[in-house]
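Dear colleague,

Please find below the structure that I promised to hand over, and after it an account of what was found.

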Amino acid sequence: LLKALLGTAAFPFPKSLYAVEDALRFFIGDKPHATVVDFFAGSGTTAHAVMRLNHADGGQRHSISITNNEVSDKEASQLRTAGRKPGDPEWEALGIFDLITRPRLEAAITGKKASGDPVKGEYKFIDQFPLSDGLGESVQFLELEYLDAETVALDRAFEKVASLLWMRSGSRRPVLTASHDDGGRRKPYIMSDSYAVLFNLDRWRSFVDKLAPTVTHVFVVTDSTSEFANVSAELPLDIEVVRLYENYLSTFEINAGT
């Protein structure tokens with residue numbers, strides 16, 4: 001299956017797509033809105049299996065796959081001999097994410113290999129159809145970075161944390177990243193059908209009036225606890241309201257004992 005999706009790219013000891021799909025079906029077969037997190041994604045088998053379940057029963061399950069871009073020991077030795085180091089394009093191109101995980105998931109979704117050629121073969125288990133049909137899912141590829149806490153607290157890194165706000169609110173597209181207009185001015189707020197971010201509290205009334213009834217999360221940028229409480233009181237009770245960046249930073253605080 002991996003050879004069909006990736007061509008000649010090699011990956012040692014991949015898990016069976018169908019075995020993983022079968023195992024997941026026992027636990028989330030009756031949960032069409034489940035979220036599955038895979039902390040060691042490898043070749044992306046778990047995400048692929050979740051997509052297969054959705055295709056079979058019309059579910060809307062989410063899958064979050066986490067991996068590094070590690071190269072094998074042999075490749076690392078060869079690259080270092082050639083004067084390459086982590087971060088160099090030649091090094092990163094051989095990492096598991098760039099070489100295996102990403103192209104595998106892209107091929108599974110689109111039904112086309114990186115070359116543009118249709119994927120040959122068929123799925124063989126329960127939900128049988130040509131691999132070239134694709135799986136009709138959407139995917140976001142995000143890079144995890146280390147951020148300076150002070151820069152975040154001063155609201156100078158919104159674009160860097162925007163994807164995490166999107167994930168917290170349910171991972172429904174689009175990702176809100178454009179916090180400035182074409183002239184470089186900070187927008188008073190940005191919003192989608194699922195979440196919204198309020199930057200200028202002086203505009204809270206128009207912000208509240210324009211919220212879609214489907215919004216589930218609101219993020220309010222303020223240093224004032226009282227102003228945050230006042231805005232929160234004006235929002236529907238079923239909306240989760242998060243203070244940026246105090247609540248955001250405390251979520252990731254580690255070993256904060258006295």
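**What was found**

Of the 258 residues in the protein chain, 36% are buried, where buried means under 20% relative accessible area, exposed over 50% and partly exposed in between (1.4 Å probe, protein chains only). Please keep in mind that this is a predicted model, in which local features need pLDDT of at least 70 and side-chain atom pairs count only at pLDDT 80 or more, while totals for chains, interfaces and linings use all residues. Residues are numbered from 1 along each chain as its sequence is written, and side-chain values use heavy atoms, with hydrogens and water left out.

The secondary structure of the chain comes to 11 helices and six strands; these are DSSP runs numbered from the N terminus, with helices (H or I) of at least four residues and strands (E) of at least two. The C-alpha trace spans about 60 × 50 × 45 Å along its principal axes. Among contacts (heavy atoms within 4.5 Å) between residues at least 6 apart in sequence, 54% join residues at least 24 apart.

Turning to the backbone, most residues other than glycine have a negative phi, and most peptide bonds are trans. F13, however, has a positive phi of about 55° although it is not a glycine; F13 is found in the loop between α1 (2-6) and α2 (17-28), and F13 counts as exposed because its relative accessibility is 82%. D155 also has a positive phi, near 60°, and is likewise a residue other than glycine. D155 is placed in the loop between α7 (149-153) and α8 (158-168), but with a relative accessibility of 19% it counts as buried. The peptide bond from L244 to Y245 is cis, with omega near 10°, and Y245 belongs to the loop between β6 (240-244) and α11 (246-251).

As for individual side chains, F40 sits in the loop between β1 (35-38) and α3 (45-57), and its relative accessibility of 72% is why F40 counts as exposed. Q78, by contrast, lies in helix α4 (residues 73-81) and counts as partly exposed, at 47% relative accessibility. The C-alpha atoms of Q78 and W91, which are 13 residues apart along the chain, are separated by 10.0 Å.
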